[in-house]
Amino acid sequence: QVQLVESGGGLVQPGGSLRLSCAYSGTFHGLNSMGWYRQAPGKERELVASITPTPDTVYADSVKGRFTISRDTTKDTMYLLMNDLKPDDTAVYYCNMKYRLIWTQYDSWGQGTQVTVSS
């Protein structure tokens, strides 16, 4: 199955930028989509952005115009560039991949990376 490893989180001041990376490895026969989710304390996990192989992208309204999702197939890595960060962006960010192995659909998650936006 696929393994996902996130990196790039940290502490940043409001208005600052961060780039998250999600390196994926393992075997899969078809990719449905990849995405970034986040979960703040006391809140449910929510979709931040997703990307398909086409690539088509979807963004949460709260991050449109500030975040950009991309994927580099030569490096087997997905990215989330986050600009103009706000305190409300503080959360643990998770990488997700929905894929097919033979005829079975899988949903894999990374371990998460903390993003804290604070002055």
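Reader: What makes the meeting of the Glu46 and Arg38 side chains a salt bridge?
Author: This is a predicted model, so the answer rests on its coordinates. The N to O distance between Glu46 and Arg38 is 2.7 Å. The cut-off is within 4 Å, for a side-chain nitrogen of Lys or Arg and a carboxyl oxygen of Asp or Glu, so the label applies. Side chains of opposite charge can pair when their charged atoms come close.

Reader: Why is Arg38 called buried?
Author: Its relative accessible area is 6%. Buried means under 20%, so Arg38 qualifies.

Reader: And why is Glu46 called partly exposed?
Author: Glu46 has a relative accessible area of 36%. That lies between 20% and 50%, so Glu46 is partly exposed.

Reader: What makes Arg66 and Asp89 a salt bridge?
Author: Their side chains meet at 2.8 Å, N to O. The limit is 4 Å, so the pair counts. The pair links distant parts of the chain: Arg66 sits in the loop between β6 and β7, Asp89 in the loop between β8 and β9, 23 residues apart. Both Arg66 and Asp89 are buried.

Reader: Why does the pair of Asp107 and Lys98 count as a salt bridge?
Author: The N to O distance is 3.3 Å. That is within 4 Å, so Asp107 and Lys98 form a salt bridge. Asp107 has a relative accessible area of 44%, and Lys98 has 27%. Each value falls between 20% and 50%, so both residues are partly exposed.

Reader: Which residues do salt bridges with shared partners join into one network?
Author: Arg38, Glu46, Arg66 and Asp89. The structure holds six salt bridges.

Reader: Where does the largest pocket have its centre, going by the closest residues?
Author: The pocket holds about 180 Å³ of space. Of its 13 lining residues, Arg38, Ala40, Lys43, Glu46 and Asp88 are the closest to its centre. By class, the lining has two nonpolar, three polar and eight charged residues.

Reader: Which residues have the most contacts inside the largest nonpolar core?
Author: Met34, Trp36, Leu80, Met82 and Tyr93, in a core of 30 residues. Strands that each supply at least two of its residues include β3, β4 and β8. The largest share, six residues, comes from β9. In soluble globular proteins, nonpolar side chains tend to be buried together.

Reader: What is Leu80 in contact with, neighbours within four places aside?
Author: Its partners include Leu18, Trp36, Val48, Phe67, Ile69 and Tyr93. Arg19 and Thr68 are also among them.

Terms used:
Residues are numbered from 1 along each chain as its sequence is written. This is a predicted model: local features need pLDDT of at least 70, side-chain atom pairs count only at pLDDT 80 or more; totals for chains, interfaces and linings use all residues. Side-chain values use heavy atoms; hydrogens and water are left out. A nonpolar core is a set of buried Ala, Val, Leu, Ile, Met, Phe, Trp, Tyr and Cys residues joined through side-chain atoms within 4.5 Å. Buried means under 20% relative accessible area, exposed over 50%, partly exposed in between (1.4 Å probe, protein chains only). Helices (H or I, at least four residues) and strands (E, at least two) are DSSP runs, numbered from the N terminus. Contact means heavy atoms within 4.5 Å. On a 1 Å grid over the protein atoms alone, a cavity is a set of points where a 1.4 Å probe fits but cannot get out, and a pocket is an open set with protein on both sides within 12 Å along at least five of seven lines; lining residues have an atom within 4 Å of a point. Grid points are joined across faces, edges and corners, and a volume is the space filled by probe spheres set on the points. Ala, Val, Leu, Ile, Met, Phe, Trp, Tyr, Cys and Pro count as nonpolar, Asp, Glu, Lys and Arg as charged, and the others, Gly among them, as polar.
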